[in-house]
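Here is a short briefing on one protein chain. Look at the sequence and the fold, then read on.

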Amino acid sequence: MKPPLRNDRFLRACRREPVDATPVWFMRQAGRYMAEYRAIRASHSLLEICKRPDLAAEVTAQPIDRLGVDAAILFADILLVCEPLGVGLEFVGGDGPVLRRPIAGAADVDRLPEFDVATELGFVAESVRAIVRRLDGRVPLVGFAGGPFTVASYLIEGGHSKNFVATKRLMHGEPEAWNRLLARLATITAAYLRMQIEAGADAVQLFDSWIGALSPDDYRRFVLPHSRAVFVSIPASVPAIHFGTQTAALLSDMRRAGGSVLGVDWRIDLDDAWDRVGADVAVQGNLDPVALLGPRPALLESARDVLARAAGRPGHVFNLGHGILPETPVEAAADLVAFVHDESAR
């Protein structure tokens, strides 16, 4: 039995309901910028933390204790779904993911093994349950998964890419294989997110971080139907955040793909983004993560501008436009949370 939430302003904002103050959380809020996290990483690998519910719960709770954010996010990695596919996932120097057996064409797509999400990734559900116990109703928990395009790009490129040449070559050169791959990933992702919700996640986020590499037409043709398949599988009662970067030209199409909350990065003004997607959806964002590395007056002025553009409309979740950077001073992050709460409560 889940304990009742003592702070539900994040969920209320996702539902575009009135809140007493704008909720704040940060992508990658559990990470290397925190000494507590670095202490755990000194003796445990990234995958070990992901696969040990006790460690995942401890790390997930760290920013709740230090920063006062209004939501926790599951500590995991978007590529955990790739490990059962037999592509040789490894995290090497600096935690960069490498897939030793990337997908090169249709034959590789067709060789990907079937697997049961609950069996192969059940440790994530155990982590969700452990985190819910650890949070004890203080704040809601956000579960997440990687978006179909982003996960496919890692599977094809074998790691991070700047130009996504191999990905786009397969997408345009073998569109049937591409669609089989993304349909498969959408099915896996939908089951993975539902498993997290059943284990206790209060909301979910789809990180399609690299879709900004696509033209609007390519997004509509090759990605949107598969992202939509994920979102329609999520219970309507559960807030679902749709996030990408460099997506100013894609926001309207992302809205069509699904999600009750649209994540916005700092490359577009928040009010402009909200006008593009419509008033019937909540918006999350959109401070530049680098602002946290600058002087305090500049940081707070940037945060004030984001709040001014939201203009007190129901449905704003304050976040960064991407993940918090490892160089970020913890004090700056905590200061920002307090400022947003105080400024928006006025």
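The points below cover the nonpolar core, a helix pair and salt bridges.

This is a predicted model: local features need pLDDT of at least 70, side-chain atom pairs count only at pLDDT 80 or more, and totals for chains, interfaces and linings use all residues. Residues are numbered from 1 along each chain as its sequence is written, and side-chain values use heavy atoms, leaving out hydrogens and water.

**Nonpolar core**
- The largest nonpolar core has 130 residues. Such a core is a set of buried (under 20% relative accessible area, 1.4 Å probe, protein chains only) Ala, Val, Leu, Ile, Met, Phe, Trp, Tyr and Cys residues joined through side-chain atoms within 4.5 Å.
- Helix H10 (residues 175-199) gives the most to this core, with 12 residues. Helices are DSSP runs of H or I, at least four residues, and strands are runs of E, at least two, numbered from the N terminus.

**Salt bridges**
- The count comes to 28 salt bridges. Each has a side-chain nitrogen of Lys or Arg within 4 Å of a carboxyl oxygen of Asp or Glu.
- Arg138 pairs with Asp65, with the closest N and O atoms 2.7 Å apart. Arg138 lies in the loop between helix H7 (122-135) and strand S4 (141-146) and Asp65 in helix H4 (residues 53-67), so the pair ties together parts 73 residues apart in sequence.
- Arg111 forms a salt bridge with Asp108, at 2.4 Å between the closest N and O atoms. Both lie in helix H5 (residues 106-111), 3 residues apart, about one turn of the helix.
- A network of salt bridges links Asp8, Arg9, Arg12, Asp20 and Asp70.

**Helix pair**
- The axes of helix H8 (residues 148-157) and helix H9 (residues 165-173) come within 8 Å and cross at roughly 105°. Axes are lines fitted to C-alpha atoms, for helices over the stretch in contact (heavy atoms within 4.5 Å), and angles run from 0 to 180 degrees between N-to-C directions.

Note on methods:
Buried means under 20% relative accessible area, exposed over 50%, partly exposed in between (1.4 Å probe, protein chains only).
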